[in-house]
Amino acid sequence: MSSLFSPIKLGPVELPNRVVVSPMCQYSADDGSATDWHMAHLGMLANCGAGLVIVEATHVERHGRITHGCMGLYSDHNEASLKRVIEHCRRAGTAKWGVQIAHAGRKASAQRPWEGGGALKAGEDPWETVGPSPLPFGPGWHMPRVATLQDIAHVRESFVNSAKRAVRIGFEAIELHYAHGYLAHSFLSPVSNHRTDQYGGSLENRMRFSREIARAVREVVPKSIALGARITGNDWRDGGISTDDAMAHAKALKADGLDYIDVSSGGVTGDTRNPTGPGYNVQIAERIKKEAGITTRVVGLITAPAQAEAIIAEGKADMVALGRGMLDDPRWGWHAGAELGAEVERPPQYLRAAPKLWAPAQRVAKAS
Ligand SMILES: Cc1cc2nc3c(=O)[nH]c(=O)nc-3n(C[C@H](O)[C@H](O)[C@H](O)COP(=O)(O)O)c2cc1C
């Protein structure tokens, strides 16, 4: 029996398997609102065989977006447009739905990747960014304004408001984006946070920003909805977040009421490079799962069904997330199920393509 395709309870939410679609920005929103692209893209992923799909980084305020095309949950229109897409996906597919809520911090005001991926230039409608300290993400990036205590409270409130919108839309899971160099990660990492107030210095102080948001959001997210965070497992550079720090962060967030942790890594500055080997975050996730004792998902170059199966079967993580692999093969879950001998739910319209039925055809093909 497949471990990958065994059910799991993610906090209060029952999922039929442990395959998750990782959040992936599409840079195709209109002032934060979902568009026809999201109908097609998320509609496609609704039938990828994953138990849970996490909607891309969806920003808690307009100035917290990465690009002009990024999603948001800061207006009634944003909320209505995303609700429409999720309702469509539920009618069309089998997956359950989560949303990642985010603030880009000093990595905001950027070009879409296919338009350069750097900081927006004059004439491209750039905006002022905020960060823990006056340190840009890299050469050519905007110098962030140092977040005041008022800004910090405002961002926290924005996370709470977006979480309320996500609850109204009916998501089964809400995920806080605490990785990839965006605002919360930039507070956590000593590379980007040089503050001397209660939000800087010791690890406890640097975790204060993300912990306060986690607690405030937990208060408005009912216990029937899973609340988690994507954290950075390692900054992959000297003087940055180590796996021990990530462990402390995971433990603290568990105490703050989160149901799960997703382990990603890297991205604190423009010049950091992640390892490029298969499953490069798995060792970190294994430590967090065992030592922090929280439901743990792992992401990063997990592409083959046997690889994903082994991660779960060997107890290294509770769930796996796939990003690029799912864009490349949006029926990955169906194909992995077939390879691992597991039944994967599919909509009745597509039942005739189920493996049971194509197996004899393959036999005929082999015989001839
Ligand atoms: C097109 C694209 C958009 C992404 N956008 C997000 C995002 O919105 N939030 C996030 O946490 N990670 C984002 N990521 C990172 C992925 O979620 C994932 O962690 C990363 O691609 C590594 O997993 P993979 O090797 O399975 O692709 C994005 C990756 C890609 C390729």
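This is a predicted model: local features need pLDDT of at least 70, side-chain atom pairs count only at pLDDT 80 or more; totals for chains, interfaces and linings use all residues.
Residues are numbered from 1 along each chain as its sequence is written, and side-chain values use heavy atoms, with hydrogens and water left out.

The phi angle of leucine 301 is near 50°, a positive value in a residue other than glycine, and with a relative accessible area of 28% leucine 301 is partly exposed (buried means under 20% relative accessible area, exposed over 50%, and partly exposed in between, with a 1.4 Å probe and protein chains only). Tryptophan 236, placed in the loop between strand E10 (226-232) and helix H6 (243-255), likewise has a positive phi, near 55°, and counts as partly exposed because its relative accessibility is 28%.

On the scale of the whole chain, the secondary structure comes to eleven helices and 13 strands, and 58% of the 368 residues count as buried. The C-alpha atoms fill a box of roughly 70 × 40 × 40 Å along the principal axes. The radius of gyration of 20 Å agrees with the value near 21 Å that a compact globule of 368 residues would have, the radius being taken over C-alpha atoms and the globule rule being 2.2 Å times the number of residues to the power 0.38. Among contacts (heavy atoms within 4.5 Å) between residues at least 6 apart in sequence, 71% join residues at least 24 apart.

When residues up to four places away in sequence are not counted, isoleucine 288 touches Ile231, Ala246, Met247, Ala250, Ile261, Val263, Gly293, Ile294 and Thr296.

Helix H3 also packs against helix H5 (residues 203-220), at an angle of about 35° and with the axes 9 Å apart; these axes are lines fitted to C-alpha atoms over the stretch in contact, and angles run from 0 to 180 degrees between N-to-C directions. Residues of H3 including Ile152, Phe159 and Lys164 meet residues of H5 including Phe209, Glu212 and Val220.

In helix H1 (residues 36-45), the buried residues are His38, Met39, His41, Leu42, Gly43 and Leu45, and what covers them includes strand E4 (52-59), helix H2 (76-92), strand E6 (96-102) and helix H9 (324-328).

Isoleucine 225, in the loop between H5 and E10, counts as buried because its relative accessibility is 8%. Residues touched by isoleucine 225, not counting those up to four places away in sequence, include Pro12, Val167, Phe171, Arg218 and Asp259. The C-alpha atoms of isoleucine 225 and aspartate 259 are separated by 9.2 Å, although the two residues stand 34 residues apart along the chain.

Conventions: Helices (H or I, at least four residues) and strands (E, at least two) are DSSP runs, numbered from the N terminus.
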